Every structure is written in C-alpha cells, then in structure tokens.
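The sequence and structure come first.

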Amino acid sequence: MHILQVRFAARISLVAVGLSFSSALAQKPPIQITADLTDAPRKLYHAEIDLPVTAGPLTLITPQWIPGHHMPNGPASSITGVVFTANGQTLPWHRDDVNLYEFHLNIPEGVATLHAHLDCIVAARASQKLTAMEWETLLLYPANTPGREIPIQPSIKVPAGWGIGTALTPVNPGSWPVPASGATTQFAVTNVEQLEDSPVLTGQYFHEYRLAPEITPEHYIDVAADFPEDANLRPEVLAAISNLVREADALYASHHYHVYHFLLTLSDVAGGMGLEHGQSSDNGVGEKGFADNDHELANADLLTHEFTHSWNGKYRRPEGLYQPDFATPQRGELLWVYEGMTQYLGNVLGARAGFETQAQYRDLLALSAAQLDNRPGRDWRSTEDTAIAASILRTPTPWMNWRRGQDYYQEGELLWLDADTLIRMMTDNKKSLNDFERIFLAKGGNTGPLIVPYTFDELITDLNQVVPYDWAKFLHDWIDNINPHADLAGIEQGGYKLVFEDKPSASERILSRSGGPRSQGVDCWYSVGLRVGNDGAISDVRRGGAADKAQLAPGEKIIAVDGQIFSADALRAAIRAAKDTSEPIHLIVQADAYVYLMNIDYHDGERYPVLQRVEGTPDYLDDITEPLTAPEKTANAPTKQGQ
C-alpha cells in the first residue's frame, strides 16, 4: 500500500510506476513505531519510535496540516514527555522557534538509530472502554521529505481484551482482532503518508462485521461502544451499510483500496467524529446513534459521506489540497468539489442504501436549502471564499449567519444537484451525474490507495464528456459570484419547490426528539429569526430578521415571553398568538448584568421548510434517490467480536 502522486496526462503506466516506487521504498530501513494505548482510559497515548539516522544535524517533524481537517491543527500542542536517546545516552533537542512542529537535534558519530519517546494528551476520542487513534498524534519523522518516501513499520499495544479495527495489515494475525493479553501487534511496513491515513479503533466491547460479501475487495465495519448492547448493531443497520457498499460499487464503478474498514464508535464521551481515509473512515456518534430509526436518521449521512471520500477527496483530490509533507499549507479553493460533491453524493447514497426514505431525503434537503437561502452573509461572501477561508471559519461564533461558516458543504450539495438535474433535463433523463462520476472518479480503474490530483479545467473537460454545456460559466456563476439566494434550481428542476408551512416536516420532528442539535432548544429561524436554547439563551440572531430589528443579540437570555417564564413552548405559543394581530411579542431579556423589556414586531406565525411537489413536472428527485441495486433489508451477525 503505497501512495503515488500521478497526473493522468503524463502517466506512462500506472502499474509500472507503482512497482518501481514500491521497490525504492523497500530498500530503505523503516522507522519502527509502537503505539501504546493501554493508558487511553486516562486520556494518554505513548509512543516508542526508532529512527534510522546518520551523524550530523537532524530535524524531525510532526504533522501540521492533517488531510480532511482543512486547517493547520496538528497535535504539536498535545505532544509531551519528549525524550531522545542514542546508544544509551540522552540527547539534547530544541524546538524550532518559527515552525513549532519541528525538533532539532545533533546526532553523534557512531549512532545509527535514534530512539524517541513521546506521549500525547488525548482531548477527545477516548473513553474508559474505547479509543479511536489517528496516527498523527504520535508520528515523528524526518522533515523536508515527502511522507510517501519514508518507510515505517507500526505496532500497537491495547488494553487486555480490547479488539482492534484498522485497514493496516497485521504481520501475524493470530487471535486477530483481539490480541492476547499484553501482546504487541505488528503491522506490515507502509509509509508515513499511508500510516497517517490508517487510523486504529480499539475497545473492550468490540464487534467486526463483514459487509456485502459478494463485493470485492472486502469491506468491514468495526464497532466499539461504551456498553456491550450498543456494539451489537441492528440487522437493519447492517443491511443499510451493506447496501451502501453495493450502491457505491454500482455508482463509482471502481475501488481505490485493498480493503475497506468503517470504524465506528458509539459513545457519549468519545463520539462526534467524521474523518475520511483512503481505506477506512473514522466515524463517531453518540451512544445510541444507531439504536433506533430516529437516531439513525440524525446520522444518516455520516458513513455514506466518509465512504464517498475514498473516491472523492482521497483518490481524486484538488491540486491545492494535496501536500505530500503535512507541512506545506493546503489551498481550499476547490473544497466545494471535495466536500460539496461528497455532501451531495453521500446524501443520495443514504437514500439509495436505506438509511433514510426518499421522503426523508427531501425533508432534509429542504432544511439545508432553507438554511442557505436565509444566510445573510451570502450578501457579501461568496461560496468560493468560504472554501478559501475554511481554516478560519470552522468554529461557530455569534452572528454566524452574517459571518458564514464552511458553507461549501451545503452549497456544493445544491450546486451538484443543479448539475445532476440539468444533465437529466438536457438528455431526457438518459444521462445524469452518475455518468460523470464514472468518468471522474473511476480513472485508472481499480487501484490501491493512490492520490490523483485534479484541476478545475479537468472538471470541466469531464463534465463536457457527459453533455456539452458551458460548465465553466455555470460553476463560476454559483461559486465565485455573490449570490443573495441559494441555488434552488436543482430542487425546481427536480420537480419540487421550497415552501414554508406552519408545522415542521415529519423528519424535522424526528430530529427534534432524537438527541441531535435540533433537540437542544427552539428553532424560530424562519419566523422571528432566533435560535434559542432550552434555558432561553440566544445562540444566534438572523441578521435582518424581526429579532434583529428588535435589537436582540446572541449571548443574551430570554427570561419571560408575554408575561410567562420562558420555555420553548411559551415562545412558540407567542409566535402563533401574534399571527394576524398588531400586538408584538413581549420579552424580558437579560443582557450581561442588565434586564430589558423588548418587543418583536412579527405576525406571520411559525414557518418550517418543506419541499412541495410541482405537479406535471418530471420527478427527478425520486429518480436520483432510486437504488441502483437490489436492496437488502437485514444482515447477518458479527463475524468477529471482543467481549
């Protein structure tokens, strides 16, 4: 498993180049790294690293720009306890005073191996019963060298009785995936770039399930949970994941991995993750994230999104987002393809595989479209700028709707829906974006884990192979220009229109009771323009909305509504009562150490987004979400498990 950057236009032979590269790598002595996760319940990882060296100055580095994060948030601040030794002697070191990810040493004469010990303080992804480790938390390797040119052999120790899930290949599988107590599991030699791309999931309550066994190469889902009952995924969930494998196989017509592992944590302590890798994905949800249909809907696009990234984002990656040393800054101007197209395809695959129904797909699409169409920040910031500025837009802030966040995800979803329905319109539904994906993502056929960068011009060329059109102008108009309204053309070409009703859709009601973000308070965004917590705290105010005109601000707290102590029900009732009257909604609001009376002049009642069918038009949305393969309804029990 070696990653090689190639250009299709200049490629002579993918197989020959790959074999040559593997041979060159094999001639170098590998770094040896042993990750000790036995202290993971105490939120500590340890590493012992042996590096081949020669006498003289040496600079080592740890990753800074982590693929998939789209920002320089490597683990340097969490690495501690760093000690270097050689021939039994401790060596002094100092950190670079500009690049804080670099360590400088001087290797004495006669030293061929440098030993490094380091610890990492784990802020997330670890609980008493499980942990999901990304190797960059412990990696240390020579600076100024592409990671794909540095051979490394990883090993791992885990707490007794804990199972291991990873796409890495164990040298001696033995009792895999549950090693003998105290044993160290060694994996085959790989390279630094591929090791960083190969996370490890381990846990006491661990199950490994084989998926869609008729599909080659092999696919698995490895599950670790804080409680034993949660690690036993429902047969319906396993069937949907197997269907996902089949649907992706039919859609992308290629594979760019030797094996694929979905790594899934079910934990209220260590959940909250979705990170793509070439041969696996690191997925974390709450303890009951897939326990029933309601919770499953809230997480319907997680596995589908990260799996799609194996093709779009890992194999095909924008030129500016591939930097082979984890130190050179990434450029995100094409994130609306990397993430936006994946957002679209992941949601479509969710419906095709059975994580959600076609009606639920439309409900969730309505929520996303309405949110973007009511994002005042689009009056000044383009979608392209949300991609270029991705690394400074991730953290939610007050007035987020005016600042904008990483909107290229949802903006890209609407854009590629527009492209899909446009292709269908121009070809009388004989072609679709499916045809484009089989050109764009399947170049080179079935491969191992490669990275093949692309440019905007290649995107246009491949779209024109499906159907000739001025695709450059189409993309430029929606991505580069200021657009006060979201791209709703795909919804309308798909046979629907976005409208607002006085009651939430069935799917929105499910989301509000399933423990997700929408269950944390009352969402009055499309009426008075507020998002309010269950305690009355205002998290955001829609700029230009009624609450904004009343001078409310994020961070303030509503104490009372129309003479009643605040509650979500009281606020909703006040919005309904003000409809078709001239009486404003009366609030008592706390701002810092002061209390004010405030009135919201709003009289249009509650408003919730839904998609309404336009009769007499083609129903392309249902065509798009129709399965490409015969769906399976239930799946078998786990193939391997821990406790």
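## Helix α3 against helix α12

Helix α3 (residues 235-252) and helix α12 (residues 433-440) have axes that come within 8 Å and cross at roughly 80°. That angle makes α3 roughly perpendicular to α12. Axes here are lines fitted to C-alpha atoms, for helices over the stretch in contact, with angles from 0 to 180 degrees between N-to-C directions. Angles under 35 degrees count as roughly parallel, over 145 as roughly antiparallel, 65 to 115 as roughly perpendicular and the rest as oblique. Helices (H or I, at least four residues) and strands (E, at least two) are DSSP runs numbered from the N terminus.

The model is predicted: local features need pLDDT of at least 70, side-chain atom pairs count only at pLDDT 80 or more, and totals for chains, interfaces and linings use all residues. Residues are numbered from 1 along each chain as its sequence is written, and side-chain values use heavy atoms, with hydrogens and water left out.

On the α3 side the contact involves A250, L251 and Y252, which meet N434, E437 and R438 in α12; contact means heavy atoms within 4.5 Å. By class, the residues of this contact are 3 nonpolar, 1 polar and 2 charged. Ala, Val, Leu, Ile, Met, Phe, Trp, Tyr, Cys and Pro count as nonpolar, Asp, Glu, Lys and Arg as charged, and the others, Gly among them, as polar.

## Helix α12 against helix α11

Helix α12 also packs with helix α11 (residues 408-426), the two axes coming within 8 Å and crossing at roughly 110°. The two helices are therefore roughly perpendicular to each other.

W416, A419, D420, I423 and R424 in α11 meet L433, N434 and F436 in α12. This contact divides into 5 nonpolar, 1 polar and 2 charged residues. N434 takes part here and also in the contact of α12 with α3.

## Helix α13 against helix α14

The axes of helix α13 (residues 456-466) and helix α14 (residues 471-479) come within 9 Å, with a crossing angle of roughly 125°. For that reason α13 and α14 are oblique to each other.

From α13, the residues F456, L459, I460, L463 and N464 meet W471, A472 and L475 of α14. The contact holds 7 nonpolar residues, 1 polar residue and no charged ones.

## Cavities

A cavity is a set of points, on a 1 Å grid over the protein atoms alone, where a 1.4 Å probe fits but cannot get out; a pocket is an open set with protein on both sides within 12 Å along at least five of seven lines, and lining residues have an atom within 4 Å of a point. Grid points are joined across faces, edges and corners, and a volume is the space filled by probe spheres set on the points. By this rule there are 7 cavities of 30 Å³ or more.

The largest cavity has a volume of about 70 Å³. Its lining has 11 residues, with P67, E193, E196, R317 and I451 nearest the centre, and divides into 5 nonpolar, 1 polar and 5 charged. The second largest cavity holds about 60 Å³. It too is lined by 11 residues, and D197, G278, K314, P449 and L450 lie nearest its centre; the classes are 5 nonpolar, 3 polar and 3 charged.

## The second largest pocket

The second largest pocket contains about 390 Å³ of space. It is lined by 20 residues, and E296, A353, G354, F355 and E356 are the closest to its centre.

Helices α3, α4 (293-298) and α7 (340-353) each supply at least two lining residues. The largest share, 4 residues, comes from α3. By class the lining has 9 nonpolar, 5 polar and 6 charged residues.

## Domains

The chain is divided into domain 1 (26-61 + 79-121 + 135-186), domain 2 (327-502) and domain 3 (527-600), with bounds from an automatic or database domain assignment. Taken over C-alpha atoms, the centres of domain 1 and domain 2 are 39 Å apart.

## The loop between β16 and β17

P217 lies in the loop between β16 (205-211) and β17 (219-225). A cis peptide bond, with omega of about 0°, joins T216 to P217.

A212 is also placed in the loop between β16 and β17. Although A212 is not a glycine, its phi is positive, at about 35°.
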